[in-house]
Amino acid sequence: MTLLSILGVLSSAIFSGTSLLYTTLGEVIHERAGIVNLGLEGVLLISASSGFAVTVLTGNPYLGVLVAMLMGGLTNMILGYLVIQRGANQLASGLTLMFFGFGLSALIGRPYVGSKINGLPRISLPGLSDLSQLYTSLFSFDILIYLVIPVALLVWWLLFRTRWGLGLRAVGENADTAFSSGRNPRLIRYQALFLGGMLAGLGAAHLSIAYTMNWTEYMTAGRGFIAVALVIFSRWHPLRAIVGALLFSGAVAFQLLLQSSGVQVSPFLLDIIPYVLTLLVLIAWGGNRKQSAPASLGRVYHGTE
Amino acid sequence: MSQTARSLPRVSFSNPLVSNLIRYLLMTLLALLLFGVILLVSGKDPIQSYRDIFSSTLGSAYGFSEVLVAMIPMLITALAVAIPARVGLINVGGEGQLYIGAAFATWGALLFKEQPSWILLPVMTLLGMLGGALWAFIPGYLKSIGLVNETITTLLMNSIAPKIVGFLIFGFWHSPMDTVKTDNFVAAARLPTFFDTRLHLGMVFALILLVLFWFFMKYTRWGLEMRAIGGNAQAARRNGIPLKGYLITIMCIGGAIAGLAGMTMVSGFYGVLLLNFSIGLGFMGFLICWLAGGDPLGIFLMSFVVAVITTGGNLLQLTRDLPYAVVNILLAFTLFVVLARPSFSKGKKA
């Protein structure tokens with residue numbers, strides 16, 4: 001095993017972990033406001049397909065990223081209408097949103113299957129330019145990768161250091177109390193869904209416009225559900241979400257390493273590791289109320305009529 | 001989360017039947033209209049497409065049999081959700097339980113392939129149910145000791161199960177030709193089919209289970225106790241109902257039923273275990289059960305509607321040159337309007 005192959009594995013782990021972290025951060029935001037979005041998979045697919053389509057049409061990947069973000073936010077508004085306005089069950093509405101995403105993304109992406117794009121430009125890390133070409137090409141990332149940790153910090157700051165974030169968390173814990181202290185739970189939940197959807201859209205954009213640079217049906221392959229699992233793993237905290245995403249991409253990297261070194265372990269078994277770890281963490285923390293979910297997660301806010 | 005379980009709406013018949021019927025008709029029309037707009041935008045003729053969907057499903061005997069075939073896994077996985085829902089358990093894990101059930105059944109089919117079908121099929125059925133039950137035991141047990149919420153665990157385990165199936169197929173079971181599936185099952189391992197169609201014995205399983213579910217809930221002590229637990233678990237426990245045992249047993253029964261759905265898919269429908277053979281069958285069951293309010297008749301009707309849509313999608317793909325997944329849009333619109341319906345229990349706080 002050479003240094004080069006190890007670095008190659010690291011680099012691909014960073015690529016695969018980035019979209020996951022954006023998505024997880026999005027889910028952290030709406031779960032903090034009390035809304036579980038099981039439709040994340042559908043949101044990702046719609047964002048990935050529309051972002052890719054726009055990139056093909058305009059040749060501008062930045063425009064594609066922007067559209068993917070917007071589509072993510074807008075798709076979440078459907079969920080918002082159902083669960084906030086109509087008081088529908090969150091799990092059922094989310095799953096319906098997932099099926100909607102399967103369909104709409106297939107329709108949007110259909111004409112662009114096999115299209116080639118110039119993805120987001122890669123920027124080399126400064127200071128690495130004196131290394132050989134081989135190494136620099138491994139460690140030149142697109143802008144979304146550089147931004148992902150700052151975005152996680154920003155989300156943390158928003159949730160825990162601003163009045164808006166305090167209100168959002170209050171709504172997630174107890175909407176009635178938040179209402180009586182002058183907040184508008186419905187509005188805050190819409191805002192959380194829109195913002196979370198935009199972050200998921202960023203993750204999807206990174207997947208289709210920067211990482212794989214193509215569109216195929218169901219290309220997200222369960223990332224939406226992984227993100228939901230990672231939110232639980234990170235106990236609804238944006239900074240711990242970084243750890244979760246690292247763990248997940250670490251498992252991916254580990255799997256690639258083993259393969260490249262010729263060790264015979266089924267990739268399927270390695271894929272299981274993050275989920276099993278999450279389960280174990282949940283069991284280890286189980287019963288500890290302090291570290292559990294936002295109290296009114298999944299509940300309908302009926303208002304005070 | 002337990003709060004949402006208790007507020008599962010029952011289909012109420014107190015409203016006048018006619019006004020409900022009109023309401024549902026209007027909702028269906030609205031969904032069709034929305035999808036029609038999508039078809040128009042993508043340059044297809046909506047009227048023609050709907051005619052295709054109709055003629056390919058309800059317009060011919062074979063089409064109708066295909067609808068029934070599609071209903072089988074929906075009915076069974078919906079029951080796998082409905083039974084735990086009666087005691088307030090939210091089983092989102094039908095998808096995973098279905099995969100493990102299918103894997104166990106396949107194991108039986110490969111191991112005992114020399115046996116005649118009157119031995120092989122019962123063995124596969126039992127193995128399928130055992131697999132699903134084992135998979136559901138973990139969340140059931142964790143819930144019963146108050147450690148982890150079953151919604152979260154079943155959801156996580158959904159992501160694990162298909163990978164275990166992949167591991168088994170790639171590592172041990174794949175056919176010499178193809179690494180993504182097993183050998184075709186021997187004829188003795190296939191559920192019998194009826195009338196020269198693809199309609200298989202799984203339909204009989206599903207109908208028997210539906211009737212059993214209705215009977216048990218209505219006429220037995222267990223049904224009453226389950227409703228008591230669903231109503232107020234702590235009160236039920238204080239009245240001497242063995243809460244822990246119920247939670248675990250009911251979860252395992254739900255899992256066993258979802259496992260049976262997996263068995264009917266590999267033995268009745270495919271005749272082979274495929275990698276990732278189900279994209280959301282278990283989730284569909286959850287949706288159907290929830291939209292039907294856990295009511296047996298409602299589950300049957302809802303499955304029928306959903307099956308018509310998904311079956312019609314097949315023809316849409318062939319004749320209208322649309323990807324099959326597009327039919328999911330029509331499905332989602334239908335479910336959206338049902339979800340957004342004015343709630344029957346207005347004013348009741350969840």
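Reader: Let us begin with one residue: does Glu150(B) count as buried or exposed, and at what relative accessibility?

Author: The general idea is a scale of relative accessible area: buried means under 20%, exposed over 50%, and partly exposed in between (1.4 Å probe, protein chains only). At 3% relative accessibility, Glu150(B) counts as buried. Before we go on, please note that this is a predicted model, in which local features need pLDDT of at least 70 and side-chain atom pairs count only at pLDDT 80 or more, while totals for chains, interfaces and linings use all residues. Residues are numbered from 1 along each chain as its sequence is written, chains are lettered from A and ligands numbered from 1 in the order in which they are written, and side-chain values use heavy atoms, with hydrogens and water left out.

Reader: With which residue does Glu150(B) meet in a salt bridge?

Author: Side chains of opposite charge can pair when their charged atoms come close. A salt bridge is counted when a side-chain nitrogen of Lys or Arg is within 4 Å of a carboxyl oxygen of Asp or Glu. The partner of Glu150(B) is Lys143(B), at 3.4 Å from N to O. Lys143(B) is partly exposed, with a relative accessible area of 24%.

Reader: What surrounds Glu66(B), and is Glu66(B) buried or exposed?

Author: Contact means heavy atoms within 4.5 Å. Leaving aside residues up to four places away in sequence, Glu66(B) touches Arg198(B) and Thr311(B). Glu66(B) is buried, at 12% relative accessibility, whereas Arg198(B) counts as partly exposed, at 38%.

Reader: How many residues of H12(B) are buried?

Author: 11 of the 11 residues of H12(B) are buried, so this helix is largely enclosed by the rest of the structure. Among them are Phe283(B), Phe286(B), Cys289(B) and Trp290(B). H12(B) is followed by Gly293(B), whose phi is positive, near 65°.

Reader: Which residue other than glycine has a positive phi?

Author: Most residues other than glycine have a negative phi, and most peptide bonds are trans. Met213(A) has a positive phi, near 55°, and Tyr218(A) likewise has a positive phi near 55°. Met213(A) is found in the loop between helix H9 (185-211) and helix H10 (223-233) of chain A, and Tyr218(A) is in the loop between H9 and H10 of chain A. At 29% relative accessibility, Met213(A) counts as partly exposed; Tyr218(A), at 29%, is partly exposed as well.

Reader: How many residues does each chain bring to the contact, and what area is buried between chain B and chain A?

Author: Chain B gives 50 residues and chain A gives 47 residues. Buried area is the accessible area (1.4 Å probe) that two parts lose on being put together, summed over both. Between chain B and chain A this area is about 4300 Å², of which carbon and sulfur atoms give 81%. Leu156(B), Lys163(B) and Phe336(B) supply 14% of the area that chain B buries against chain A, more than any other three residues.

Reader: Which elements give two or more residues to the side of chain B that touches chain A?

Author: They are helix H1 (2-6), helix H7 (150-173), helix H12 (281-291) and helix H14 (327-339) of chain B. The largest share, 13 residues, comes from H7(B). By class, this side of chain B has 35 nonpolar, 10 polar and 5 charged residues. Here Ala, Val, Leu, Ile, Met, Phe, Trp, Tyr, Cys and Pro count as nonpolar, Asp, Glu, Lys and Arg as charged, and the others, Gly among them, as polar. Between chain B and chain A the count is 0 salt bridges.

Reader: Where in chain B is confidence lowest, and where is confidence highest?

Author: The scale is pLDDT, the predictor's confidence in each residue, from 0 to 100. Confidence in chain B is lowest in H1(B), at a mean of 43, and highest in helix H5 (residues 94-111) of chain B, at 91. The mean pLDDT of chain B is 81, and 91% of its residues reach 70 or more. For the complex, the predictor gives an ipTM of 0.83 and a pTM of 0.84.

Methods
Helices (H or I, at least four residues) and strands (E, at least two) are DSSP runs, numbered from the N terminus.
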